[in-house]
Amino acid sequence: MSAAFPNLLGHAQAQEMLLRALARGQLHHAIMLVGPRGIGKATLARALACALLCNVAPGLGCGESSCGICARVLAGNHPDVDWLLPEGAAGQIPIDAARACHLRQQNAPYEGRSYVIVIDPADALNEASGNALLKAIEEPRPGVHFVLLATNMQAVLPTILSRSLPIRLGRLSDEEVGAIVRAKAPELSEERRRMAVLLAEGSAGVALELALDPALDRCLVVLREAIRAALAGPSAVFAGEQGPLWSAFSAAVQALAEAEAAAAAAAAEAAAQTTGKKRRQSAEKSKDEKSEKKPKEAPVHQRWVAGRLAELWTLHLRERTRGREGLPGMPRLDLSASAIVRQIGILQRFVGRVERNASVRLLLEQTLLELGEAA
Ligand SMILES: [Zn+2]
């Protein structure tokens, strides 16, 4: 059995390599974990930080909640682990945060043997914030470790890239993703988990997001009705508000709006609890005002449902090209391989246009007609 961090599934090769380097005391001071979204780069960064700081199992990290160090690292509040995250509309790591880290590392570490700086993602470092850290990344003090996360190495500043050691993390197997989803969300049904794993294509983060998405069931109903409408043609596409397609669409959009409003109300409530009664009263008042009238369909929610619909439809078609059944509960489709390719192309164009289009419904109608013709 190869060496592995506690409770960390997948990426056996990367885990073994990092643990061997730790055991020899030769861990590179700037590791760059490279791989697609949701495959566990941040999880591995946390495991690495535990290994560098834990006193119960030095060089491995015990990962136990009884260990004050690991518990704080895993919860994201250990003083010797700093996360540099993007801020603002530009989504970049601000120079102030980078400078603070640079100053900090000159006196690091505070409590333990190491000071770990996680840069998530590395391509959010711009020229200014990258330069502020360059010296530290090049010649860090003993015990200072950088862990850079990247989905796209090409987007990382060359000066940063050349000073770090990339470790590529591949997609996880369906078994690994399934095991991670089971561990993190044991309450989910077997069917729901299997579907999320299937859709996530080797990304545990995406699988969890899908499996826990409360709107997923409604979006599956929209997909079923959309496939039916595309097969039936204009009469079903233009069946109107009361038709099965558009009533399912409206229900999904409304459920999304309600979930968002509930989350906002919960956040307001939480804020009220910390700042006193006054705000709580106003939060309750705004909640009452909202529940009085049915919320209007906002384009942002329509786009979200339409985007999820296209994503599910594409994955359903991909599954079919692999000779598998596809998503559960969908109408039977007997499409040729070339028809599937055409349909996937139409769905991709739809995704590209829906962000810029003023009327989501009009665009969706037009797309459904095209999909029907391409069948
Ligand atoms: Zn520990």
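Axes here are lines fitted to C-alpha atoms, for helices over the stretch in contact, and angles between them run from 0 to 180 degrees between N-to-C directions. All views below come from a predicted model.

**View A. Helices H10 and H16 cross at about 65 degrees.** Here you can see H10 (residues 216-232) packing with H16 (residues 360-374), their axes 7 Å apart. The crossing of H10 and H16 is right-handed. On the H10 side, look for Ala-226, Ala-229, Ala-230 and Leu-231, which make the contact with Leu-368, Leu-371 and Gly-372 of H16.

**View B. Five strands form an open sheet with parallel pairing.** To find your way across the sheet, follow the order S2-S3-S4-S1-S5. Strands S2 (81-84) and S5 (165-168) are the edges, each pairing on one side only. On average, neighbouring strands of the sheet are turned by 20 degrees against each other, direction ignored.

View C. A handy landmark is Val-34, which stands opposite Arg-168 in S5. As background, strands of a sheet pair through backbone hydrogen bonds, either parallel or antiparallel.

**View D. Helix H2 lies across strands of the sheet.** H2 (residues 41-53) lies across S1, S2, S3 (115-119) and S4 (144-150). Relative to S4, helix H2 runs at about 170 degrees.

Note on methods
Residues numbered from 1 in each chain as written. Predicted model: local features only at pLDDT ≥ 70, side-chain atom pairs only at ≥ 80, totals over all residues. Helix = DSSP H or I, 4+ residues; strand = E, 2+ residues; numbered from the N terminus. Left-handed = near helix turned anticlockwise from the far one by under 90°. Contact = placed C-beta atoms within 7 Å. Pairing = 2+ DSSP bridges.
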